[in-house]
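Hi everyone, thanks for coming.

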Amino acid sequence: MTNSNTKTFNSTFEKEVNEGLVAFPKYLSSKWFYDKKGDKLFQDIMAMPEYYLTDCEYNILDTHTAAIANQFNSPEGFDLIELGAGDGKKTKLLLKYLSDQNVNFDYLPIDISQNALDQLEESLTKEFPKVSVKTQQGTYFEVLEKISEYNKRKKIILFLGSNIGNLLHEQAINFLTKVKDVMSGDDMLFMGFDQKKHPQTILDAYNDKAGITEAFNKNILHRINNELEANFNVDNFLHWEVYDPESGSAKSYLVSKEAQTVYIKALDLTVNFNAWESIHTEISQKYTDAVVEWLAEESGLKVVTNFTDENKYYKNYIFNA
Ligand code: AVI
């Protein structure tokens with residue numbers, strides 16, 4: 001239980017929903033999009049033609065497999081550690097190449113969900129029987145610290161999907177600094193960063209006509225309804241996306257179409273919305289080389305090189321400490 005002023009909360013979800021909805025302007029964190037339904041909606045987003053990020057990163061790993069893998073090489077072998085492995089579709093390109101080349105490495109996918117890890121392990125055992133897979137259940141830094149304590153061989157840390165973009169710059173520096181703190185010697189970090197591009201391309205990726213992103217954004221209200229016994233009328237909110245080409249921030253909002261009042265029983269909280277009042281729900285930051293270099297410098301990392309797709313929509317950077 002957490003206590004914030006006079007209120008007691010049973011979970012971080014309760015605490016953060018309360019904090020965000022009493023604040024002005026209102027906000028909720030995009031990390032709460034992801035329950036079972038949210039995970040499925042995100043899978044659907046990644047398969048949409050407008051959501052270019054997944055195809056671009058797949059394309060980069062497919063086109064530059066050998067050059068990327070050669071950067072990782074080490075005479076005593078290495079551990080390939082992936083933060084948030086998902087279904088491993090993109091990583092499998094690297095695993096196949098490394099396995100075909102008889103490279104000495106172990107693959108250590110980290111995920112909070114044991115179920116996701118079990119599914120991944122099953123498919124990898126079938127597809128790449130030669131690859132040694134050591135799944136690690138837990139939070140990223142818990143597991144990274146544990147691995148660094150007992151294992152002294154070279155670490156290659158993968159963080160794909162431009163997931164860093166869901167963090168504000170200050171939070172991203174905090175995250176990268178924590179990664180740097182578990183890196184030593186010639187350890188490497190291989191990370192995806194979605195790049196600035198035509199603003200319409202970005203808006204289309206986050207505002208698809210079929211309404212999948214809208215459903216993903218609104219899932220946060222369904223979760224509050226289901227898990228915290230609230231009475232949001234989800235249809236009374238608009239999914240609204242903006243992109244600021246100056247800062248490179250794409251932001252998602254839920255906008256109240258009318259003045260309305262919502263009651264959240266688990267928080268004993270009444271929330272009033274004015275007509276056209278917003279809840280900020282997600283940031284999806286777009287980057288340039290200069291910004292990535294600045295983030296690296298602030299976090300004590302160095303950019304070694306980067307790989308991009310033919311449109312330069314997306315880049316994967318390699319860093320060392
Ligand atoms: C997980 N993350 C990097 C996605 C993004 O692009 O910000 C989540 C997402 N939100 C809307 N569409 C996809």
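I'll start with some ground rules, then go to the ligand, a sheet and one glutamine.

So, ground rules. This is a predicted model, where local features need pLDDT of at least 70 and side-chain atom pairs count only at pLDDT 80 or more, while totals for chains, interfaces and linings use all residues. Residues are numbered from 1 along each chain as its sequence is written, and side-chain values use heavy atoms, with hydrogens and water left out.

What does the record say? An unreviewed UniProt entry puts "domain: Histidine-specific methyltransferase SAM-dependent" at residues 13–320. UniProt positions follow the numbering used here, feature names are shortened, and annotations may be inferred rather than shown by experiment. That span is 40% helix and 26% strand, and its end C-alpha atoms are 35 Å apart. Helices (H or I, at least four residues) and strands (E, at least two) are DSSP runs, numbered from the N terminus.

Now the ligand. There are 13 residues around it, and Tyr51, Asn166, Tyr206, Glu282 and Ser284 come nearest; "around" means having a heavy atom within 4 Å. The shell splits into 6 nonpolar, 6 polar and 1 charged residues. Here Ala, Val, Leu, Ile, Met, Phe, Trp, Tyr, Cys and Pro count as nonpolar, Asp, Glu, Lys and Arg as charged, and the others, Gly among them, as polar. At least two shell residues each come from α2 (36–46), α10 (212–227) and β14 (278–285).

Which polar contacts can we see? I'm using pairs of N or O atoms within 3.5 Å; within protein, one must be able to donate a hydrogen and the other to accept it, and residues adjacent in sequence count only if both atoms are side-chain atoms. Tyr206 has a polar side-chain atom 2.5 Å from a ligand oxygen, and Ser284 has a side-chain N or O atom 2.6 Å from a ligand oxygen. For Glu282, a polar side-chain atom sits 2.8 Å from a ligand nitrogen. The ligand alone exposes 340 Å², and the protein buries 98% of that (Shrake-Rupley method, 1.4 Å probe; for residues, only the protein chains shown count as cover).

Strands pair if DSSP finds at least two bridges between them. β3 and β14 run parallel over 2 bridges, and Lys26 stands opposite Ile279 in β14.

Last stop: is Gln136 buried or exposed? Gln136 counts as buried because its relative accessibility is 8%, where buried means under 20%, exposed over 50%, and partly exposed in between (1.4 Å probe, protein chains only). A polar side-chain atom of Gln136 is 3.1 Å from the backbone oxygen of Lys134.
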